[in-house]
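User: Can you walk me through this one? I would like to start with the strands and then move on to the ligand.

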Amino acid sequence: MRPSPLGLLGLSSLSLLVRDHGAEAFVPPTLSPRPSFAPRVSAEADRVARRPGAFLRMTAEDAPNGEKKKIVVIGNGMVGQRFMENMIKYDTDDKCTLATFCEEPRAAYNRVKLTSYFESLDPSKLSMTSEFDDDGRTSWYEENGVELYVGDKAVSIDTESKTVVGESGRTIPYDVAVLATGSFPFVPPIPGRHRPGVFVYRTIEDLEAMLAYAKENNVQSAAVIGGGLLGLEAAKAVADMNVTSHIIEFAPILMCRQIDQGGHDALVGKIEELGLEVHCGARTESFVGADGTSGDESEGSDSP
Ligand SMILES: Cc1cc2nc3c(=O)[nH]c(=O)nc-3n(C[C@H](O)[C@H](O)[C@H](O)COP(=O)(O)OP(=O)(O)OC[C@H]3O[C@@H](n4cnc5c(N)ncnc54)[C@H](O)[C@@H]3O)c2cc1C
């Protein structure tokens, strides 16, 4: 067994960047509708949020007799999925058809339960519909007449021709396009953040990559950057992998948005009883590898 090649400030070999309140709403620039379209999008979003069914009526009201409106949902996350379920529920006259671009390699799953994946290692346990097949699909989509494009990221919307284009080249016409693209974790520009062994904590693929890395590199120790709710959840999951888990928090206390010093003191006691190590008031300055540097080939790229 060889030691893992990476270290964080000399502490660890696997690092998770977790900022539960640091997620940023994600509208890819290439997907931004043209400015003339933007006000209508927000008005629609507002109506959907305020009155279930209003969106459907608005969408279907100018549909010629017998013709269906096509709604293309970009993003098959929790929100995109619930939106489609509600559309189906309220579309009792069958006036709409649905299609969804799904960037991830499987259909919608419950991201809130992500940490439970460490226990089951079964994506289907997180599915928002039913069991995934080998292509990441579930029977729900076919049963409900929803076209699902798994692993196909929408890369552009043409509001003139009213089409959405996927990374695969697939071009889908729409009457209404719904952006349900969610968010992405905010990664501070810490040197070394692109190195192998540094992960964000958001998708099943992140967890699979983390587990594979830990196994391949015989990881003994991990640093979780961020001592909020999500960070603590991740740190416990890491500890359950029999890896020493260090929680690195910039603020002087854990969960600083939720609890005060007294709460922190009690919480730290409980966490340390579980064998986790807490480092508050600690600023992460760099991710340093066994080579003593924090540089890597992809340094400077925007993606974590
Ligand atoms: C570990 C963890 C625990 C959490 N726990 C809680 C909790 O306890 N309580 C709580 O309220 N919230 C929690 N959250 C937050 C919650 O998961 C999110 O608020 C929720 O997932 C948001 O749903 P969404 O559909 O808007 O976005 P997302 O879940 O981010 O889904 C958006 C989907 O769109 C896809 N997408 C993006 N761009 C494109 C494109 N161009 N083409 C096609 N697809 C695209 C993305 O890949 C993604 O699959 C947690 C999050 C995590 C990561």
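**Strands, a loop and the ligand**

Analyst: This is a predicted model. A place to begin is T163, whose bridge partner in β9 is P173.

User: How many bridges join β8 to β9, and which way do they run?

Analyst: Three bridges join β8 to strand β9, residues 171-173, and the two run antiparallel. Four residues lie between the strands in that hairpin, where G169 takes a positive phi near 100°.

User: What stands opposite T163 of β8 besides that?

Analyst: D158 stands opposite T163. Strand β7 (residues 154-158) is joined to β8 (residues 163-166) by four bridges, and this pair is antiparallel.

User: Which residue takes a positive phi in the hairpin of β7 and β8?

Analyst: K162 does, with a phi near 55°. There are four residues between the strands of that hairpin.

User: OK, on to β5. Why is it largely enclosed?

Analyst: Strand β5 covers residues 96-102, and six of its seven residues are buried, so the rest of the structure largely encloses it.

User: In what sense do β4 and β5 pair?

Analyst: They pair in the parallel sense, over six bridges, with β4 made of residues 69-74. I74 stands opposite F101 of β5.

User: Where is T115?

Analyst: T115 is in the loop between β5 and α4, the latter being residues 117-120.

User: Buried or exposed?

Analyst: T115 counts as buried because its relative accessibility is 13%, and the cut-off for buried is under 20%.

User: What does its side chain contact?

Analyst: The side chain of T115 makes a polar contact with the side chain of E233, at 2.5 Å.

User: Now the ligand. Which residues come nearest?

Analyst: There are 23 residues around the ligand, and V79, E103, E104, R111 and R202 come nearest.

User: What do you have on polar atoms there?

Analyst: An N or O atom in the R202 side chain is 2.5 Å from an oxygen atom of the ligand. For V79, a polar backbone atom is 2.8 Å from a ligand oxygen. For M78, a backbone N or O atom lies 3.1 Å from an oxygen atom of the ligand.

User: How much of the ligand does the protein bury?

Analyst: The protein buries 75% of the 1000 Å² that the ligand exposes when taken alone.

User: What classes of residue are in the shell?

Analyst: The shell around the ligand has twelve nonpolar, five polar and six charged residues.

User: And which domains does the shell draw from?

Analyst: At least three residues come from each of domain 1 (6-22 + 186-289) and domain 2 (24-184).

Conventions. Residues are numbered from 1 along each chain as its sequence is written. This is a predicted model: local features need pLDDT of at least 70, side-chain atom pairs count only at pLDDT 80 or more; totals for chains, interfaces and linings use all residues. Side-chain values use heavy atoms; hydrogens and water are left out. A residue is near a molecule or strand if one of its heavy atoms lies within 4 Å of it. A polar contact is a pair of N or O atoms within 3.5 Å; within protein, one must be able to donate a hydrogen and the other to accept it, and residues adjacent in sequence count only if both atoms are side-chain atoms. Accessible areas come from the Shrake-Rupley method with a 1.4 Å probe; for residues, only the protein chains shown count as cover. Ala, Val, Leu, Ile, Met, Phe, Trp, Tyr, Cys and Pro count as nonpolar, Asp, Glu, Lys and Arg as charged, and the others, Gly among them, as polar. Domain bounds come from an automatic or database domain assignment. Buried means under 20% relative accessible area, exposed over 50%, partly exposed in between (1.4 Å probe, protein chains only). Two strands pair if DSSP finds at least two bridges between them.
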